[in-house]
Amino acid sequence: MATTKTKVLIIGASGETGRSIANGLLEDGGFEVYSFTRPASAQKPQLLDLAKKGLIIRQCDLSAPEEELAEALRGIDVVVSSVGPADQLSQLNIATAAKAAGVKRFVPCAFITVCAPGGIMWLRDEKEKVYNHIKQLKLTYTIIDVGWWYQIATPRLTSGKIDYAMTVANDELVEGGKTPSAFVDLRDIGKYVTRIIVDPRTENKMVFSYNTVTSPEDIFAMVEKMSGEKVERKHVSKETVMARVEEGRAHSETYPFDASKFTLRIAAEYQLSWGIRGDNVPSYAKYLGYLDAKELYPDFKPITLEEYIQELLSGTATGIYTDRISRIY
Ligand SMILES: NC(=O)c1ccc[n+]([C@@H]2O[C@H](COP(=O)([O-])OP(=O)(O)OC[C@H]3O[C@@H](n4cnc5c(N)ncnc54)[C@H](OP(=O)(O)O)[C@@H]3O)[C@@H](O)[C@H]2O)c1
């Protein structure tokens with residue numbers, strides 16, 4: 001007897017995180033995978049590539065009336081959202097529509113580093129507004145955070161050898177770069193999602209799905225050792241980070257979102273959280289109530305940092321955000 005596949009709708013399948021999720025689900029084979037895509041983006045090459053692998057595109061916009069959102073959600077078991085930082089609150093209406101449509105699980109856009117809500121990271125607090133709305137709806141949810149992508153964690157080399165994949169590099173070391181932090185390969189996010197969304201243990205829970213814990217200085221040293229090149233260190237003090245945070249906050253109190261004002265704030269608050277406070281580690285995640293994917297899935301074989309750096313050096317890594325200008329989240 002044929003088993004019914006779980007029907008998953010991805011909001012943001014054309015984006016970096018969304019493509020990882022779509023690839024993970026499509027490669028697994030146990031899912032029928034749909035994308036929720038605004039009409040203007042339906043012909044994006046990233047989506048058409050996924051459609052060749054089986055992605056079914058449903059055209060709709062998050063600002064559409066509830067009946068249109070309900071139509072886009074028809075028959076869907078699980079919604080996974082990976083909208084960009086500016087668009088967090090645009091998930092509120094579709095969460096309401098998902099509850100009305102009988103969606104069995106809603107995975108709102110988390111996919112960042114570990115941080116407690118309430119004034120440290122604006123981005124975390126935006127996401128938390130969506131989580132609170134979901135909880136008020138009594139909609140079954142799972143929140144998945146992942147640590148910092150390998151793809152934005154490595155420094156440039158002076159030879160320029162890895163610039164081809166350095167759309168967003170990390171050339172700075174905060175407070176000596178010794179604060180431990182969790183990292184993930186962007187490509188593994190979808191593989192974690194594939195397991196988490198069908199796991200009853202993760203219903204109404206937060207899950208921390210990271211690959212490894214290391215420090216930025218250790219990453220610099222690894223790149224140096226594996227490349228045989230000296231890597232320049234741009235040291236940034238706690239005082240500099242705090243000044244950037246204050247400046248970012250002072251210039252980004254207005255709403256709606258203005259990327260030119262908020263990007264500085266988002267980047268500085270990340271450095272505050274993972275570089276100074278040391279929030280982005282499994283022990284703190286556990287303290288905050290997260291489940292640890294390493295304990296849930298001990299057989300999961302993540303891409304190691306060393307493997308990723310080897311790809312970078314051999315010229316086979318893929319840059320991120322190559323379809324638009326550089327930016328840091
Ligand atoms: N952990 C880390 O190191 C890290 C790094 C970067 C980002 N993140 C987080 O990951 C999340 C996703 O970021 P990303 O960089 O992967 O996103 P992204 O590449 O900017 O993609 C955003 C996606 O959302 C879609 N979208 C936005 N508004 C929409 C609307 N009204 N209707 C339908 N679709 C809409 C976009 O569709 P279109 O094709 O129509 O534009 C696009 O597919 C963010 O919340 C961010 O904070 C984490």
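**Stop one: the strands**

Begin with strands β7 and β9, which pair in the parallel sense over two bridges. Strands here are DSSP runs of E of at least two residues, helices are runs of H or I of at least four, both numbered from the N terminus, and two strands pair if DSSP finds at least two bridges between them. The model is predicted, so local features need pLDDT of at least 70 and side-chain atom pairs count only at pLDDT 80 or more, while totals for chains, interfaces and linings use all residues. Residues are numbered from 1 along each chain as its sequence is written, and side-chain values use heavy atoms, with hydrogens and water left out.

Now pick Phe183 in β9: opposite it stands Trp148. Over in β11, Thr212 is the bridge partner of Phe183. β9 and β11 (residues 212-214) run antiparallel, joined by three bridges.

Which residues of β9 are buried on each side? Ser181 and Phe183 are on one face, Ala182 and Val184 on the other. (Buried is under 20% relative accessible area, exposed over 50%, partly exposed in between, with a 1.4 Å probe and protein chains only.)

**Stop two: the rings**

Select Trp148 and Trp274, both buried.

**Last stop: a charge over a ring**

Finish at Lys294, whose charged end sits over the ring of Tyr210, 4.8 Å from its centre. That label needs NZ of Lys or CZ of Arg within 6 Å of the ring centre and within 35 degrees of the ring normal.
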